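Open the model in your viewer and keep the selection panel at hand.

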Amino acid sequence: MKHPKFGPFLLALALFGILLFMPVQYLFPLINSDKVEQAATSLNTDVFQGTAIQKKMLQDHKYLPLYGSSELSRLDVYHPSNYFKINPEGFTPYLIGRGGTQSLVHFLSLAATSDEIKNKRIVFILSPQWFIKQGLDDAHFSPNFSALQAYDFVFNSNLTPKMKKKAAKRLLKFEVVRQDKLLTTMLEGLVHDDFVRTCKADVMKPFAYTYKNVLERKDIVNALTNDKKRKPNTDGSLKGLSLEQLSARAEETGAQESRSNEFGIVDKYYQHKIAPKLSELKGYKAIESYDQSPEYEDLQMILDLLKQNNTKALFISIPVNGPWYDYAEFPKERRYVYYQKIRHFIEKDGFPVADFSAHEYDTYFMKDTIHIGWKGWVHLNESLKQFHHITN
């Protein structure tokens with residue numbers, strides 16, 4: 001009678017345990033520089049919601065991370081990812097964000113890379129529409145939420161207890177977080193000081209830590225198998241042009257691509273999204289305001305985290321499309337209250353702001369109602385150049 005051989009099984013189990021609980025940074029060398037480079041413009045969800053490639057990127061001084069939202073995907077020839085391929089300035093933009101990404105999502109991403117952003121240069125693009133009265137909602141938070149980054153946040157010893165309590169309390173407001181009972185238990189342990197919830201969190205801690213490790217290994221696999229590569233959209237004729245010449249070229253492009261309307265909105269978007277219901281949109285923003293929003297507190301958590309890590313950050317304040325917002329009856333006075341507030345809000349913590357609010361009526365500065373475009377990218381690129389040279 002043959003006796004069962006448990007040796008191979010036990011060896012496999014031991015190897016699995018080693019792989020699961022060894023420090024994840026030991027696996028980072030598996031991610032080569034080509035993977036990081038192709039991720040710089042891929043806007044791949046797995047990369048955005050992961051940590052491995054972002055950490056690898058932040059260790060390379062050639063990259064300048066750009067944190068933003070849907071404007072990052074407007075990759076025309078003036079977009080920084082394309083423009084600086086033609087006119088290199090010693091850095092490569094790395095895009096982090098997508099539509100619906102706001103401060104709380106970026107806070108989790110920055111917290112997960114808190115070691116790597118120390119003394120690092122980053123750029124953060126702010127959109128006015130983030131600051132609506134109700135703030136970030138489940139519809140925008142849920143698809144951008146990263147369970148890996150949330151579990152990393154729970155175990156992040158680099159964050160102060162006060163910051164962790166504030167962020168945990170905010171996260172618990174969202175349904176996608178509350179659906180994860182293990183994560184909810186851990187966050188409630190951070191928020192509340194009572195004996196029962198603290199004990200529950202302590203009991204569940206080993207399970208949460210193991211699950212975090214599983215998510216980290218999955219992230220490594222996603223990083224290694226990510227082959228989404230975006231083809232550059234470059235225009236060699238932009239090489240060596242002055243700021244004035246670039247602005248003139250961008251104005252020509254904007255005029256050619258937005259002939260169908262007086263708002264300077266790109267034709268395809270205007271014809272499909274606006275023209276069919278133009279009369280219904282008259283005055284639809286009449287009661288909106290951007291000066292009171294939970295978004296300010298979410299942004300404050302980012303500012304506190306960046307200060308704590310001595311991160312050199314440039315904030316870019318994007319304007320709205322002036323002619324369109326006039327049509328939507330969002331008063332100029334109310335818009336300028338926001339512009340002034342957001343600038344002072346950031347500068348009070350010592351960070352510079354590239355304030356583009358004076359360009360509301362600059363033709364072709366915006367590509368549609370809210371997204372920066374042609375001439376806007378030209379000015380943003382100039383701000384990136386100046387920031388790089390000042391902080392380099």
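A nonpolar core is a set of buried Ala, Val, Leu, Ile, Met, Phe, Trp, Tyr and Cys residues joined through side-chain atoms within 4.5 Å; buried means under 20% relative accessible area (1.4 Å probe, protein chains only). This is a predicted model: local features need pLDDT of at least 70, side-chain atom pairs count only at pLDDT 80 or more, and totals for chains, interfaces and linings use all residues. Residues are numbered from 1 along each chain as its sequence is written, and side-chain values use heavy atoms, without hydrogens and water.

**Core.** Select Tyr-94, Phe-141, Phe-153, Val-177 and Phe-315: they have the most contacts inside the largest nonpolar core, which has 83 residues. Helix α16 (residues 295-308; helices are DSSP runs of H or I, at least four residues) gives this core its largest share, seven residues.

**Phe-153 and Lys-164.** Center on Phe-153. Beyond four places in sequence, its contacts (heavy atoms within 4.5 Å) include Phe-107, Leu-187 and Lys-164. Now pick Lys-164, in helix α9 (residues 161-171). Lys-164 is buried yet has no salt bridge, that is, a side-chain nitrogen of Lys or Arg within 4 Å of a carboxyl oxygen of Asp or Glu. Asp-152, the nearest side chain of opposite charge, is 8.6 Å away.

**Sheet.** Show the strands (DSSP runs of E, at least two residues). Five form an open, parallel sheet in the order β2-β1-β3-β4-β5. Strands pair if DSSP finds at least two bridges between them; β2 (92-96) and β5 (353-355) are the edges, each pairing on one side only. Finish at Ser-317, opposite Asp-355 in β5.

Key:
Buried < 20%, exposed > 50% of the residue type's maximum accessible area, 1.4 Å probe, protein only. Lys, Arg positive; Asp, Glu negative; His and termini not counted.
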